[in-house]
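The sequence and the structure come first.

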Amino acid sequence: MTVNTRTGPGTLKVVRGGWPSLAGGGVLAAIVVFLAAAPWFVFSPGDVTNLVTLFALIILGTAWNLMAGYGGLVSIGQQAFIGAGGYGVIKLADVVGLPIPLAVVAAGAVCALLALPTSFLLFRLVGGYFAIGTWVVAEVFKLVTQELPGFGGGSGLSLTAFQGVDRVTRIATVYYLALALAVLVVLATYVLMRSRIGLGLTAIRDDKVAAASLGVAVRRSQRIVYVAASGGAGLAGALIAVNGLRVSPDSMFSVQYTAFMIFIVVIGGLGTIEGPILGAVIFFALQQLLDSYGTWYLVALGAVAIAVVLLAPRGLWGLAARGRYEIFPVGHTVRPPT
Amino acid sequence: MDWINAVLQGLLLGGQYALLACGLSLIFGVMRIVNLAHGVLAVASAYLALWLVQQTGMPSFLTLLVVIPVLAAVGYAIQRGLFNPALRHGELSPLLVSFGLAVIGANLLQEVFTADSRKISIGTLSTSSVELGGLRLGVFSLLTLVVAVGVIVGLQLYLSHTRIGRAMRATKDDPEAATLMGIDERHMYALATAIAVGTVALAGVFLGMSTQFSPTYGDLVLIFAFEAVIIGGLGSLWGTLLGGLVLGVAQTVGAQVDPAYGVLAGHLVFLVVLLFRPQGLLPKAVAA
């Protein structure tokens, strides 16, 4: 997209994207096509199930980044919605009887709805206190879920809607659903960030006070991203539940998910669309490689995250692209006259 | 009688929460940093005390003479080495760094001490009690409450009457002006964190003496300490004491209704305070 700011000789051009971004987008599109075709001739069913985890991580990272990276809302309690999404999809599929894909999407919508009243409570806190407040809310969600009749108490629920469906069909359904949702969530974030709201969010990311003084509705924008990001967390939770076939309060409402999201976004690059995708891939690869080292692996991840925050605050994507290259062109660049 | 007993036990439990919370309150009051590693530091202190008792056979209370200085030094180092550099990148970075520390700490503890629950033995003190109008009050719980009040009074006196305390408050109010007056901002911050983590160490060892703890127990410690700080009011140490007591009473009264509702009742009181009195019960009553 090109916008002429002046006419005549020596015109300055403001551009957004260009062929390098198109090329990057093309590579990503090719990867998606490959992933869509691959299950049947490259990967074993176990790999396919693992890849669903990767797609859920991409959704989680993208959603958390939308909230923390652009909205300036650091939540350490999104497991509230991961859990709500997980329990929600099982109830929607087994009790209401929705088909699985619809149940997953509906679970995400339910989480976004739950996030709206929650935001009015939590937005009374700022900064770090907002962060721990979200965690308290997640604990309340967990404790209430444990006490609610019909939610299986401390041991949780199993998904029964897939009973009678053969294993290959089941795995394929979940795989394509997760791939489609991951692509949709990233694209929706991209569209949102190119909109007027996104421009405001970018301004909030750079300087909240300055953004407010220029007329950006900071509170309203933050509420929009909080609700959207919670819906995203709910989708991811629903995918994790239909992939694992069961949920329990301790696993679904675990603060460990927050650790994962923070690593993914911080290591990849806070406040960029590409960062969380890169971060999720790196995190997933490390998880597969270092799984056998148990807790040492989390110790190492913590250390890497601290090092990245202090030494490369823009993350690995920021290091690689140096703010000049975007696959998802959100910013504008001024080009000298040609 | 059961209800009066529940309230009294809640006040005693609240002493423990207040003791755990004052370090969080102090770090936030001076530097606006929310230290997510707070709970892990408390649990690590308990493990250090336990390890000392097991290795050297020293009396449990004597370990405080080692644990508090060691943790204070750790606090100083964390502030100088990690939080101060992180503060330069904005308010988000210290939060993320402290979260990284919490994850590292909890998993290291798990690796070294396993996930088993432990407790620091204090002999007959853990079971001895005094009778008050037909109610039994644990001696150790009373001691914890007294120590909590003592720590908060001590911190208040220190902040208001000593040279360093004044310098700390000056740095909090206006770091640049304080620097112009010859105060080393980074050193002040590190001292504040050292004192705060010192109180966390004291609180952690007391926690380890009163209850079973495991490497992940720090999560609960952080949440309870945070609730005490918010219920009481940000930036007020007396508020933190009051917040701890309110939280303790909420939990024991909730548990009196149904044992499963104790922790949940505490969370709900926190949310209600947030809804109707977001500035807390005693906001900035006393400068901290």
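## Contact between the chains

Chain A brings 30 residues to the contact and chain B brings 33 residues, where two residues are in contact if their C-beta atoms, placed from the backbone, lie within 7 Å. On the side of chain A that touches chain B, the elements giving two or more residues are α5 (127-147), α11 (256-268) and α13 (295-311) of chain A, and α5(A) gives the most, with 11 residues. Helices here are DSSP runs (H or I, at least four residues), numbered from the N terminus.

That side of chain A divides into 23 nonpolar, four polar and three charged residues; Ala, Val, Leu, Ile, Met, Phe, Trp, Tyr, Cys and Pro count as nonpolar, Asp, Glu, Lys and Arg as charged, and the others, Gly among them, as polar.

## Basis of the model

This is a predicted model, in which local features need pLDDT of at least 70 and side-chain atom pairs count only at pLDDT 80 or more, while totals for chains, interfaces and linings use all residues. Residues are numbered from 1 along each chain as its sequence is written, and chains are lettered from A and ligands numbered from 1 in the order in which they are written.

## Helices α2 and α4 of chain B

Helix α2 (residues 38-56) of chain B packs against helix α4 (residues 92-113) of chain B at an angle of about 25°, with their axes 9 Å apart. α2(B) is therefore roughly parallel to α4(B), a term for angles under 35 degrees.

In this contact V40(B), V43(B), A44(B) and Y47(B) of α2(B) meet A102(B), G105(B), A106(B), L109(B) and F113(B) of α4(B), and these residues divide into eight nonpolar, one polar and no charged.

Methods: Axes are lines fitted to C-alpha atoms, for helices over the stretch in contact, and angles run from 0 to 180 degrees between N-to-C directions. Angles under 35 degrees count as roughly parallel, over 145 as roughly antiparallel, 65 to 115 as roughly perpendicular and the rest as oblique.
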